[in-house]
Amino acid sequence: MTYNLWYWDGIPGRGEFVRLALEAAGIPYRECAREPGATARTVADDMQSDRKHPPFAPPYMEAGQLTLGQTANILLYLGEKHGLAPESVSGRYWVNQLQLTIADMVAEAHDTHHPIAASDYYEDQREEAARRAENFRTERIPKFLAYFERVLDSAQGDWLAGGGRWSYADLSLFHLVDGLLYAFPKRMVSVSARYPKVMALHERVANLSALQDYFASGRRLPFGDGIFRYYPELDGK
Ligand SMILES: N[C@@H](CCC(=O)N[C@@H](CS)C(=O)NCC(=O)O)C(=O)O
């Protein structure tokens with residue numbers, strides 16, 4: 001089956017967590033917003049179509065008759081169908097838990113530049129963004145990364161869920177760290193030595209042979225004006 005992935009074109013966004021899993025596992029999919037003839041309205045229009053289980057927001061994915069929304073939910077499905085997570089019940093829920101924790105941090109990273117309203121310009125919430133970003137840098141980055149470091153410390157082997165093989169949560173942690181390095185380069189230089197296992201995982205995924213064609217393809221879009229944004233004034237040591 002070829003899956004249909006729906007996500008706004010132009011930024012990696014949350015769609016990238018799904019894309020990385022599909023690409024690393026060699027699963028065929030259509031990037032619907034980048035198909036010939038697609039416009040800026042394609043995804044918004046599609047979301048209005050009549051479905052039994054409509055998505056609230058992209059990313060969402062069509063798998064035959066199913067439409068799955070919520071990044072972690074899509075990955076839970078792919079993990080089960082394609083062996084991208086442990087088979088045991090406890091292992092599957094553990095990887096889902098890690099993914100949801102990653103999603104929490106992604107939302108907080110977004111809120112550093114849009115703390116008041118996603119629909120307002122950054123320029124209209126700069127003061128609040130500065131306060132939010134300072135807290136994110138000083139408290140939240142260390143707290144989240146220390147948690148993932150601890151998980152990797154007690155995992156057996158190189159990957160979050162152990163088992164000698166990556167799971168979709170490893171790919172997602174890679175993308176999260178990549179986004180942090182982009183948006184908060186000074187802060188990450190200051191703190192990354194405290195999280196050697198997290199940084200080593202980032203490196204390991206960056207070098208996964210299964211992802212090299214994707215990285216070279218141009219389909220992995222730059223962060224740009226997406227969830228992870230670089231505003232020098234929001235970064236700091
Ligand atoms: N919890 C959802 C969040 C989805 C989400 O916020 N999608 C963004 C793009 S990354 C969006 O277009 N949201 C529209 C909205 O919230 O109104 C997930 O993890 O998939």
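Predicted model: local features only at pLDDT ≥ 70, side-chain atom pairs only at ≥ 80, totals over all residues.
**View 1. Pro58 uses its backbone to meet the ligand.** Here the atom to look for in Pro58 is a backbone N or O, and it sits 2.8 Å from a nitrogen atom of the ligand. Follow the chain one step on and you reach a cis peptide bond, running from Pro58 to Pro59, with omega near 5 degrees. Pro59 itself belongs to the loop that links α2 (42-47) with β3 (60-63). Both prolines, Pro58 and Pro59, are on the list of residues around the ligand.

**View 2. Here is the whole shell around the ligand.** Who else is in the neighbourhood? Tyr7, Trp8, Arg14, Phe56, Ala57, Pro58, Pro59, Gln70 and Thr71 are the residues around the ligand. Sort the shell by type and you get 6 nonpolar residues, 2 polar ones and 1 charged one.

**View 3. Gln70 has a positive phi.** Zoom in on Gln70, one of the residues around the ligand. What is its phi? The angle is near 75 degrees, a positive value in a residue that isn't glycine. You'll find Gln70 in the loop between β4 (66-69) and α3 (71-82).

View 4. An unreviewed UniProt entry marks residues 1-86 as "domain: GST N-terminal". That span is 33% helix and 17% strand, and its end C-alpha atoms lie 22 Å apart. The unreviewed UniProt entry also gives "domain: GST C-terminal" for residues 88-223. This time the span is 71% helix and 0% strand, with 35 Å between its end C-alpha atoms.

Definitions and conventions
Residues numbered from 1 in each chain as written. Heavy atoms only, no water. Near = heavy atom within 4 Å. Polar contact = N/O pair within 3.5 Å; in protein donor to acceptor, adjacent residues only side chain to side chain. Nonpolar A, V, L, I, M, F, W, Y, C, P; charged D, E, K, R; others polar. UniProt positions renumbered as here; feature names shortened; annotations may be inferred. Helix = DSSP H or I, 4+ residues; strand = E, 2+ residues; numbered from the N terminus.
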